[in-house]
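Here's a quick tour of one model, written for someone who likes to know the cut-offs. Have the viewer open as you read.

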Amino acid sequence: MLLISCPNCGSRDETEFHYGGQAHVPYPENPNELTDREWAEYLFYRDNTKGTFAERWLHSTGCRQWFNMLRDTVTYDIQAIYPMGTPRPDKAGTPTADTGTASTAADSTTTGTAAPSTSSTPSLSRTTAPEGATK
Ligand SMILES: [Zn+2]
């Protein structure tokens, strides 16, 4: 059993939540210009990471709000929980876990303006765990 710390409600059993897939998958800038292959990759192809993975979660039986979570897919350790629309804490440099604020801002998956930035910011050392990371 996982105890998931909802940003709005606090720690709750994982049965109150629904997994929403990989986080930070940007909506294509011009969907009409994509080939069928590119569109299929946007719709169906996701990373299959072994280790730290950014994913979306919905507190479906609680506040019904979406949030992002950094979770280790091997150990199930929850490393950070952060609002939708904010960058990954381990890549942005400023951990935003445990802000306690509800975010109704659209994620990058729905805005179509954000592009994945995997190399623009230097990655932080893995030894600095985000504050407020819960298990
Ligand atoms: Zn909640």
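What follows covers the ground rules, the metal site and the sheet.

## Ground rules

This is a predicted model, so to speak: local features need pLDDT of at least 70, side-chain atom pairs count only at pLDDT 80 or more, and totals for chains, interfaces and linings use all residues. Residues are numbered from 1 along each chain as its sequence is written, and side-chain values use heavy atoms, with hydrogens and water left out.

## The zinc site

Four residues hold the zinc ion: Cys6 (SG), Cys9 (SG), His59 (ND1) and Cys63 (SG), at 2.0 to 2.4 Å. Donors here are N, O and S atoms within 2.8 Å of the metal (3.2 Å for Na, K and Ca). The angles among the 4 donor atoms run from 103 to 123°, which makes the site tetrahedral (four donors with all angles between 85 and 135 degrees).

Along the chain, the donor spacing reads C-x2-C-x49-H-x3-C. Cys9 sits in the loop between strands S1 (3-6) and S2 (10-13), and Cys63 in the loop between S4 and S5 (66-72), so this pair ties together parts 54 residues apart in sequence. Strands are DSSP runs of E, at least two residues, numbered from the N terminus.

Cys9 is partly exposed at 26% relative accessibility, and Cys63 is partly exposed too, at 23% (partly exposed lies between buried, under 20%, and exposed, over 50%, with a 1.4 Å probe and protein chains only).

## The sheet

An open, antiparallel sheet has 4 strands in the order S3-S4-S5-S6; pairing takes at least two DSSP bridges. S3 (18-22) and S6 (78-82) are the edge strands.

S3 and S4 (residues 52-58) are joined by 3 bridges, and His18 stands opposite Leu58 in S4.

Note on methods: Four donors count as tetrahedral if all angles lie between 85 and 135 degrees; four count as square planar and six as octahedral if opposite donors are over 155 degrees apart and all others between 65 and 115; anything else is irregular.
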